[in-house]
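Subject: Structure handover

Hello,

I am passing on the structure for you to look over. My notes on it follow below.

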Amino acid sequence: MEQSWKQAKAVFAAALAAPLAWLVVFFVAPMVIVWAFSFGQNQGLTEIAISGTFHNYARAIAPLYLQIFLKSAWVAGLTTALCLVLGFPVALAITFAADRAKTWLLLLIMLPFWTNLLIRTYALIAVLRTEGYVNMGLEWLWKGGGALAALVGLKPLGAFQPLELLHNNFAVVLGLVYVHLPFMVLPLYAALDRLDRSLLEASLDLGAGHLRTLLRVVVPLALPGIASGVLITFIPALGAYLTPDLLGGPDSQMIANVIERQFKRANDWPFGAALSFVLMYLTFIAVAIQAVLAKRTPEARG
Amino acid sequence: MSQAKPIITFENVTKRFGKLAAVDDVSLTVNEGEFFALLGPSGCGKTTLLRMLAGFEVPTEGRILIDGQDVSNTPPNKRPINMVFQSYAVFPHMTVADNVAYGLVVDKVAKAERDRRVEEALSLVQLDGLGGRKPDQLSGGQRQRVALARALVKRPRVLLLDEPLSALDAKLRAQMRTELCTLQEKVGITFIMVTHDQDEALALASRCAVMNKGVLQQVASPNDLYEFPSSRFVADFIGQVNLFEGVLAVDEQDHAVIRAPDLPVDLFLDHGVTGARGATLWAAIRPEKIELHKKTGETPPNLGDAPAGTNAVAGVIRHEAYLGGSSTYEVEIAGGRRIKVQRSNLTRWDQEDFALGETVWLCWHACSPAVLLS
Ligand SMILES: Nc1ncnc2c1ncn2[C@@H]1O[C@H](COP(=O)(O)OP(=O)(O)OP(=O)(O)O)[C@@H](O)[C@H]1O
Ligand SMILES: [Mg+2]
């Protein structure tokens with residue numbers, strides 16, 4: 001099979017040509033153009049002179065923007081950590097669910113993908129805003145508690161103060177976790193599912209409890225899956241645009257929001273391009289770290 | 001075996017997977033210090049039986065007792081049992097030494113003691129010096145031995161072995177067999193071993209159980225299993241056998257005669273048979289219990305314990321296989337039935353060289369056939 005593929009070079013090339021052309025025209029070429037922009041400067045309203053200057057990069061890593069990069073990394077990191085903490089038990093539960101339930105649970109995990117991100121984000125706003133479901137529910141509880149307090153003769157509780165759940169960093173992290181959880185659960189599930197069950201049984205057989213089995217056998221063997229889950233969550237979270245834009249407050253803008261502003265409102269394409277490429281280099285670093293980690297962990301097969 | 005003390009008891013244990021009864025109403029007792037072997041064709045429920053004992057499967061019906069205690073609610077990590085898995089289940093992310101030490105770490109054995117015992121266990125399975133390797137740097141047989149060392153080092157009351165030697169070459173296998181045997185005698189652990197290899201079972205075990213389709217067929221010592229099989233299945237499964245279906249023609253206190261359509265002569269037995277006259281039964285004769293003689297005349301050889309005209313038949317050698325220690329022949333008798341005969345190669349060159357196509361006499365003692373009712 002492999003041999004015949006290697007021999008039929010013409011067929012191979014023909015099959016490859018179309019996707020390759022597509023990639024070059026719609027991915028590589030725009031990237032190169034934007035990359036070139038990052039070394040240029042604005043001339044007039046629409047003209048960009050590519051002068052080979054590093055000025056844009058110098059600006060991009062100036063404290064003002066470096067801070068936003070750091071903040072983005074911090075928010076993305078927190079999101080990833082929360083996704084991992086929440087996603088691991090979920091992936092574990094799906095792995096050990098009965099075969100029929102498994103299909104449904106996986107479907108449930110993937111269900112959000114079928115809805116537009118914008119709609120999901122607005123739905124989240126409806127849940128979190130001052131008159132949202134969360135605050136309504138809390139108010140109801142509060143009133144119930146107050147009535148109960150009055151009943152047993154305690155001091156009344158006073159008026160209900162709705163929680164500020166929207167337009168702050170909390171809302172951004174919550175929204176990012178909500179959006180990215182499936183990205184974490186699926187690779188984790190894939191890694192856990194191909195884990196040889198007899199290894200877990202061997203661990204139990206040797207006297208280990210479930211917690212030790214989890215920490216000493218399951219987690220180490222699922223490490224490649226954890227690494228790819230972390231990466232696949234961290235990268236899009238780092239470049240998140242819509243979520244901080246809609247759910248965040250004035251202080252919760254992330255780097256993608258700044259980039260968007262450069263391209264649109266500020267009309268400073270060269271600087272936006274430089275910021276974009278700094279973001280991309282950060283992503284490359286994350287991928288490189290993952291690759292190094294993946295090399296160090298053994299195959300999870302017996 | 002005089003002070004037989006039961007350590008494991010299966011009471012009418014059944015395990016169903018959906019409709020299939022993988023283990024079907026098995027009642028069985030294994031005694032302290034025994035080397036017990038479980039034999040049976042692939043898929044007959046051997047692994048399932050062991051897994052129930054180890055606590056990985058719950059019996060659908062019946063109870064399992066360890067030391068007289070019902071262990072239905074005891075999780076695997078609380079049972080005084082360790083298992084060597086059919087698939088080895090060696091942890092791929094740990095070194096060989098860490099694999100072996102795993103169970104000791106769980107038991108909070110002090111480091112010095114632990115290292116010593118790991119060392120000891122590794123040398124027991126002849127893996128000295130390989131403690132630092134990762135399992136993917138080992139051969140299949142070596143991995144199997146890591147699994148063995150890992151279970152042994154815990155010194156369990158009962159060690160379950162699911163085909164523990166299947167990946168080893170013949171020589172190492174024989175060596176490990178002896179090792180297992182000595183080890184078992186030395187540490188006094190009760191061994192329950194599943195094997196496909198009947199030679200292994202017969203050589204190692206103090207008692208064997210034969211299973212078929214989830215049902216226990218016979219539990220007996222290796223000797224009894226071979227010489228006194230309880231059914232055609234067992235007779236056929238353990239070793240080679242010639243089975244003759246027939247009817248009981250004569251049944252007296254001290255002798256019986258079976259008339260088999262396949263045989264031109266009657267089968268004479270030097271003992272009575274508990275069976276109805278005219279009932280269908282089977283005579284099983286092992287190949288090595290049939291003597292082969294050159295046909296020099298028309299009078300068949302008489303071994304002196306059967307009347308003339310019984311227990312001897314003429315035939316033509318159709319097939320011969322030289323096996324080193326012995327040779328096996330297939331002899332075709334009148335009517336076309338082929339009979340397997342085994343003959344020890346007592347001398348280095350055979351005075352009585354039997355050739356293909358040669359006509360020979362086959363005869364057997366009156367005590368040789370085993371009578372089977374099912
Ligand atoms: N988890 C399971 N679910 C459904 N059927 C099973 C399961 N485990 C075993 N079986 C079935 O039960 C029967 C007995 O299986 P078992 O593994 O005990 O056989 P075995 O005697 O160990 O065979 P082998 O010698 O090939 O290892 C088989 O028919 C098998 O398909
Ligand atoms: Mg098996």
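This is a predicted model: local features need pLDDT of at least 70, side-chain atom pairs count only at pLDDT 80 or more; totals for chains, interfaces and linings use all residues.

A:Ala98 counts as exposed because its relative accessibility is 53%, where exposed means over 50% relative accessible area, buried under 20% and partly exposed in between, with a 1.4 Å probe and protein chains only. A:Ala98 lies in the loop between α4 and α5 (99-110) of chain A. Helices (H or I, at least four residues) and strands (E, at least two) are DSSP runs, numbered from the N terminus.

Residues are numbered from 1 along each chain as its sequence is written, chains are lettered from A and ligands numbered from 1 in the order in which they are written, and side-chain values use heavy atoms, with hydrogens and water left out.

Confidence

The model scores ipTM 0.80 and pTM 0.79. For chain A the mean pLDDT (the predictor's confidence in each residue, from 0 to 100) is 88, and 96% of the residues reach 70 or more. Among the elements of chain A, the lowest mean pLDDT, 63, belongs to helix α1 (residues 2-7), and the highest, 94, to helix α4 (residues 63-95). Chain B has a mean pLDDT of 88, with 98% of its residues at 70 or more. Among the elements of chain B, helix α5 (residues 170-187) has the lowest mean pLDDT, 80, and helix α2 (residues 96-106) the highest, 94.

Chain B as a whole

Chain B contains 8 helices and 20 strands. Its C-alpha trace spans about 80 × 50 × 40 Å along the principal axes. Of the 374 residues in chain B, 49% are buried. Counting contacts (heavy atoms within 4.5 Å) in chain B between residues at least 6 apart in sequence, 65% join residues at least 24 apart. The accessible surface of chain B (Shrake-Rupley method with a 1.4 Å probe; for residues, only the protein chains shown count as cover) comes to about 16900 Å², and carbon and sulfur atoms account for 50% of that surface.

Ligand 1

Polar contacts with the ligand are pairs of N or O atoms within 3.5 Å. In one of them, an N or O atom in the side chain of B:Thr48 is 2.5 Å from an oxygen atom of ligand 1. A backbone N or O atom of B:Gly45 lies 3.0 Å from a ligand oxygen atom, and for a polar side-chain atom of B:His196 the distance to an oxygen atom of ligand 1 is 3.2 Å. The protein covers 62% of the 630 Å² of accessible area that ligand 1 has on its own.

Individual residues in chain B

Most residues other than glycine have a negative phi. B:Gln126, although not a glycine, has a positive phi of about 60°. B:Gln126 sits in the loop between α3 (111-124) and α4 (140-152) of chain B and is partly exposed, because its relative accessible area is 29%. B:Glu163 also has a positive phi, near 50°. B:Glu163 is in the loop between β7 (158-162) and α5 of chain B, and at 10% relative accessibility counts as buried.

B:Val153 is found in the loop between α4 and β7 of chain B and is buried, with 4% relative accessibility. Leaving aside residues up to four places away in sequence, B:Val153 touches B:Val100, B:Leu104, B:Arg117, B:Val118 and B:Ala121. B:Val153 and B:Ala121 are 32 residues apart in sequence, and their C-alpha atoms are 5.8 Å apart.

B:Ser368 lies in the loop between β19 (359-363) and β20 (370-372) of chain B. B:Ser368 is buried, because its relative accessible area is 14%. Apart from residues up to four places away in sequence, B:Ser368 touches B:Ala284 and B:Lys289.

Regards

Note on methods
A polar contact is a pair of N or O atoms within 3.5 Å; within protein, one must be able to donate a hydrogen and the other to accept it, and residues adjacent in sequence count only if both atoms are side-chain atoms.
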